[in-house]
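I opened my notebook to look up a few things in this structure. I wanted to know which side chains meet, and where they sit.

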Amino acid sequence: QVQLVESGGGLVQAGGSLRLTCTASGRTFSTIVMGWFRQAPGKEREFVADINGSASNTYYSDSVKGRFTISRDNAKNTAYLQMNNLKPEDTAVYYCAASLNGAPYRYWGQGTQVTVSS
């Protein structure tokens with residue numbers, strides 16, 4: 001079992017930055033693949049980025065590549081999503097998620113709202 005709590009969302013103008021934080025508990029954090037997803041109003045949830053347990057591999061959706069950076073601090077049981085050059089189309093509820101042992105993402109945080117004004 002893994003519990004996830006996100007924070008760091010808010011309202012920002014286009015071109016601005018935010019950093020989302022996801023703190024995990026319940027399992028050895030370094031064994032967990034951490035992912036970020038988002039869901040905009042009226043749209044399906046979409047993948048944003050993920051990072052493996054050792055932070056040696058990261059993967060991004062094309063829509064955020066070059067603007068967002070995923071990272072983690074295993075000593076703090078925390079994953080981050082640094083979002084730069086934000087655009088109005090990045091407005092969504094952002095969720096962190098955990099994958100164990102190569103299984104699909106099963107554990108989800110409560111979500112944090114990110115709103116980018118034009």
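**Entry: before starting.** I reminded myself that this is a predicted model.

**Entry: the disulfide.** How many disulfides does the count come to? I got one. Cysteine 22 and cysteine 96 form it, and I found their sulfur atoms 2.0 Å apart. I then checked where the two partners sit in the chain: cysteine 22 is in strand E3 (residues 18-25) and cysteine 96 is in strand E9, 74 residues apart, so this pair links distant parts of the chain. Next I looked at the torsion about the S-S bond, which is about 60 degrees, so I wrote the disulfide down as right-handed.

Are the two cysteines buried or exposed? Cysteine 22 counts as buried because its relative accessibility is 0%. Cysteine 96 is buried too, with a relative accessible area of 0%. The cut-off for buried is under 20%.

**Entry: the rings.** My count of aromatic pairs came to five. I picked out phenylalanine 37 and tyrosine 105, which are 5.1 Å apart centre to centre. There are 80 degrees between their planes, and the pair is edge-to-face. Phenylalanine 37 belongs to strand E4 (residues 32-39), while tyrosine 105 is in the loop between E9 and strand E10 (107-108). They are 68 residues apart, and I noted that this pair links distant parts of the chain.

Phenylalanine 37 comes out at 11%, so it counts as buried. Tyrosine 105 has 21% and therefore counts as partly exposed. Which residues do the ring pairs link into a cluster? I listed Phe37, Phe47, Tyr59, Tyr105 and Trp108.

**Entry: arginines over rings.** Tryptophan 108 turned up again, this time with arginine 45: the charged end of arginine 45 sits over the ring, 3.7 Å from its centre. I also found arginine 72 over the face of phenylalanine 29, at 4.3 Å from the ring centre.

**Entry: aspartate 90.** Where does aspartate 90 lie? I found it in the loop between strand E8 (78-83) and strand E9 (92-100). Its relative accessibility is 1%, so I put aspartate 90 down as buried. Its side chain reaches the backbone nitrogen of lysine 87 at 2.8 Å. Leaving aside neighbours within four places in sequence, I noted that aspartate 90 is in contact with Arg38, Arg67, Phe68, Asn85, Val114 and Val116.

Key. Residues numbered from 1 in each chain as written. Predicted model: local features only at pLDDT ≥ 70, side-chain atom pairs only at ≥ 80, totals over all residues. Heavy atoms only, no water. Helix = DSSP H or I, 4+ residues; strand = E, 2+ residues; numbered from the N terminus. Buried < 20%, exposed > 50% of the residue type's maximum accessible area, 1.4 Å probe, protein only. Polar contact = N/O pair within 3.5 Å; in protein donor to acceptor, adjacent residues only side chain to side chain. Contact = heavy atoms within 4.5 Å. Phe/Tyr/Trp six-rings, centres within 6.5 Å; stacked < 30°, edge-to-face > 60°. Lys NZ or Arg CZ within 6 Å of the ring centre and 35° of its normal. Disulfide = S-S within 2.5 Å.
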